[in-house]
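The following note sets out several points for a colleague examining this structure.

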Amino acid sequence: MKQPLLEVDQLTVTFEEESCSTLTDLSFTIQQGDDILLLGPSGSGKSTLTYCLNGLYPKELDGKMSGNISFAGSNIEEFKSGKINLEVGTVFQDPETQFCMLTVEDEIAFGLENKKISPDLMESEIDRVLSLVGLQHRRKDQIHTLSGGQKQKLALAAVLALEPRLLILDEPTANLDPAASKDLVKTIRHLKEQQDITLFIIEHNIDYWLPIINRTMLLDRDGSLFFDGDLREAVNLYDEEMQQRGIWLPEAVLLAKQAQLAKPWPLTIDLLPHGLQFQTEAPEIKQTKKYIVHVENAIFRNKDKVLLDIPALDIQQGELIAITGKNGSGKTLLSRLITGLLKPTAGDIEFLGKKLRRWKTNELYQQIGYVFQNPEHQFLTDSVYGELAFGQTVSEEEIQKSLEEIQLADQADKHPFTLSQGQKRRLSVATMLVQEPQLLVLDEPTFGQDSHTTEVLMDLIWRHHQRGCTIIMITHDMDLVDRFASRVLIVDQGRVVEDNYPASIWKKTDLSDYGLSLPAKDAYYKRLQEDSLYA
Amino acid sequence: MHNINPSIKAGTVTLAAIVIAFLFDPLALLLYIGWTIAVTLLFGKVQIRKYLLYLLPFTLFAIGMLVSTLLFAKIPENPSVTQQFLFWDLPRETVQDALALAIRVFSYSTLSLLFVLTTDKVAFILSLIQQCRVSPKLAYGILAGYRFLPLLKDELTTIRSAHLIRGAKTNTSKFSRYKQYTIPLLASAIRKAERTAIAMESKGFTGERDRTFYRTYHTSWIDWIFAAVMLGAIVLCIIVSKSFQ
Amino acid sequence: MKSWRMKDIVVMAALAVVFGIVYLLFLPVNVVMMGLIGPIGTDIIFGVWFLVSIVAAYIIQKPGVALVSETIAGIVEVLIGSSVGPIIILSAIVQGLGAEAAFAITRYRSYHVLVLMGAGVGAAITSFIWGYFRGGFVALDPSYVVLMLVVRIISGAVISGLIGKAISEALAKTGTLTSFPLGKTYRHRKAG
């Protein structure tokens, strides 16, 4: 048997501030050519494992680490400082914080300099790795002018320049929209065709990576390994366990479960059998005919560039609207104009029959709630309880009730910043809902969240919607739109290009034009249709 | 001008500013200001409009200095010798001191612009490593932090809107509002910094001096001539000014 | 410097950038204050300029942090395109030395509030001496100059010492500082 690329033996990591270990007695080997997907509930130590594998721990660790990790036969602690990083490359999840230079070529050169490559060879190396990820044309550009997806490709290129044998991708799509995510996956597939590199991918969205991976590892909450093998086997044996731990299942598996199909379940929609039926409860459409928002000829300009142009838009009380479209299309901008957070360059926007600029700020924001993408931006006090009680005349019981709704009752005294990502998100939504606004806008509320938090959040939002709260939700998740929205707006290049019921959109619009894809069940129906065409 | 070694340029400008600190002759200072502006515009290929735009806040600052020095000047030795300044009769000594000070502040600004408008930022930092023996750990750390500037500016705007929505404005004092902005901003900056540091080390960065450079900076005789000419010009200005008096 | 981790340095630079933004917000205040009450207006808010030194030193608690963080702040100001040009790096070093001195006297063992205020005072004094020569305070009424010094010392003690302490501790509460000494003391105090 060939020598394993990486061997992990009884690895246990305990942080100084924690009573339990974050990684527990982990043992596995990675062979050259493996393409591993690592799944685990949030807080199961996936990122900690990354830092162990690329040699940052134990040096940077505040805590204890025991066990052995060896790379190509030698213990990684025997590598000279910085050397193991040339063998094990890592791309992290946040595209903004992986760079230290200002231009694309300088950033690639930074790694080459660390590797002490002769300056004469750098030109050609920079060209080589940039063309691997398709960024040759941006070589001289400033990094801040790149899109999120391009930044992530640059981060990949900068790591590839070190010519690592093992490439770790730590939630590389966590901050990217679906179109950019698929593009990144395509880039990595292309890379696999070009060179022999072993992949270790940490992700929560399995579907993107199905075409690449050949082995799956599942971590449990306590950071121990509870499955190592074929993904098909994992989802057929442990689907319940995975769901309980908040791990997303592939969409095909979710559909199969929903249709109560007998096991074994396939991993992709293409392999589902014909004739499955899914209940569709189309959300009822309430025609109140009472406008909550009325937009007339609103234009938003930055210098000479028109970023948003909305000739007319009416939103009725009691609707649940999904706004969707590519990143940078103007979705967030539209939501900021409607809520008065930004003023249109020209035109008028009315809220409850009164022009936004005639509203008093504090009265307006009694009626409007807005949940921002980063929950931390909205926190004002230093405890969870304080957040819910802040500036509102809400009774003790109501606060308790809302703490229980978001499952944070036992964390009431904690500083909001110390919560987990999912808890922060739930808290930020709850702070907006305790004031019972007429209109609630949510900017990508479920983005990057595990399945558990997504359920809790949508449940909370749905209940307030039932009580009459109008909801506007920016999202890329078409399954969510299909389940909850009564109306969909697709924004593209600063214009609302589609405005219809979800079911009509799925039938009539080519979503790929807008970087979107069909909800799973409609993707399945579409496949059946195509099958019958070619049959 | 853009090709002068950034470290030498910075050193020259700094040295010139120090020498000027001991120069009280308004005419000599004015001459030197003219010289600095001429060098910037002629050899720095800076557009006049852009230059004036940058100079405006400094001009206001210099005027502020002038007025406040007039108001809070020390008691002159010969208060009887006065001079008309705009509409007022003020002790001549006071007026001279105040003018000298304002002009000096103004000359710092022109020296600063000479550097700022003709120097690439990355080049300056890299040249600090290569010419001034600044540790790469420090220099690349600074560049990494500097990258956060636009991110944090955007974040500040978002935090403002987010707080507006929560009605933070209505029932808190101005000071606690500053705190409400500053703490999330700092927390986010520190976390970004930690992540960036990890990403840098993951690319094999050790902070040692032993590394190669894609962009190398050298010093040549042109750089030293630049330094000599800029500093020599001060002496020249003094001599010319003396010959007028 | 050898004992510094990469993240210590990037964190200092990030702090310098945030406080750089704060300085920029304070510049117009400075001009207004100066217009209203003369050069002493600058001295009232001068402590803002040393904040980064005190906050960084209190968070990271290693020798040299006060000096280097202020120096980094100076370099970052130059990168941002500051008014004063590269000479601001020298001013920053001078201020940083003043703050560093206070910590050095305790041999970096104490970060008591008095030491933090002392660091603010130290920076106020060294920066004043530097300003005396550079800014031409000679031309001003001597009693006025003394008053300026007193005001600046108070500003250093209060704004950079006290407010700096408050900011650092508020940050510790957010759990962002867990890998720094201040975050650890905070956690132990809370646990103990």
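How many helices and how many strands are there in chain C?

1. In this predicted model, chain C contains eight helices and zero strands. Read from the N terminus, its elements follow the order α-α-α-α-α-α-α-α. The radius of gyration of chain C is 16 Å, close to the 16 Å given by the globule rule for 192 residues, so chain C is as compact as a globular protein of that length.

2. Along the principal axes, the C-alpha atoms of chain C fill a box of roughly 55 × 30 × 30 Å. Of its 192 residues, 58% count as buried. Among contacts in chain C with a separation of 6 or more, 72% come from residues 24 or more positions apart.

3. The contact between chains B and C takes 57 residues from chain B and 43 residues from chain C. On the chain B side, H1, H3, H4, H6, H7 and H8 each supply at least two residues. Helix H8 of chain B gives the most to that side, with 16 residues. The residues of chain B that touch chain C comprise 34 nonpolar, twelve polar and eleven charged.

4. The largest nonpolar core has 275 residues, and those with the most contacts inside it are A:Ala157, B:Ala189, C:Ala13, C:Ala14 and C:Leu15. Helix H4 of chain B, residues 92–116, gives the most to this core, with 14 residues.

Methods: Residues are numbered from 1 along each chain as its sequence is written. Chains are lettered from A and ligands numbered from 1 in the order in which they are written. This is a predicted model: local features need pLDDT of at least 70, side-chain atom pairs count only at pLDDT 80 or more; totals for chains, interfaces and linings use all residues. A nonpolar core is a set of buried Ala, Val, Leu, Ile, Met, Phe, Trp, Tyr and Cys residues joined through C-beta atoms within 7 Å. A residue is buried if 20 or more other C-beta atoms lie within 10 Å of its own, exposed if 12 or fewer, and partly exposed in between; C-beta atoms are placed from the backbone. Helices (H or I, at least four residues) and strands (E, at least two) are DSSP runs, numbered from the N terminus. Two residues are in contact if their C-beta atoms, placed from the backbone, lie within 7 Å. Ala, Val, Leu, Ile, Met, Phe, Trp, Tyr, Cys and Pro count as nonpolar, Asp, Glu, Lys and Arg as charged, and the others, Gly among them, as polar. The radius of gyration is taken over C-alpha atoms; the globule rule is 2.2 Å times the number of residues to the power 0.38.
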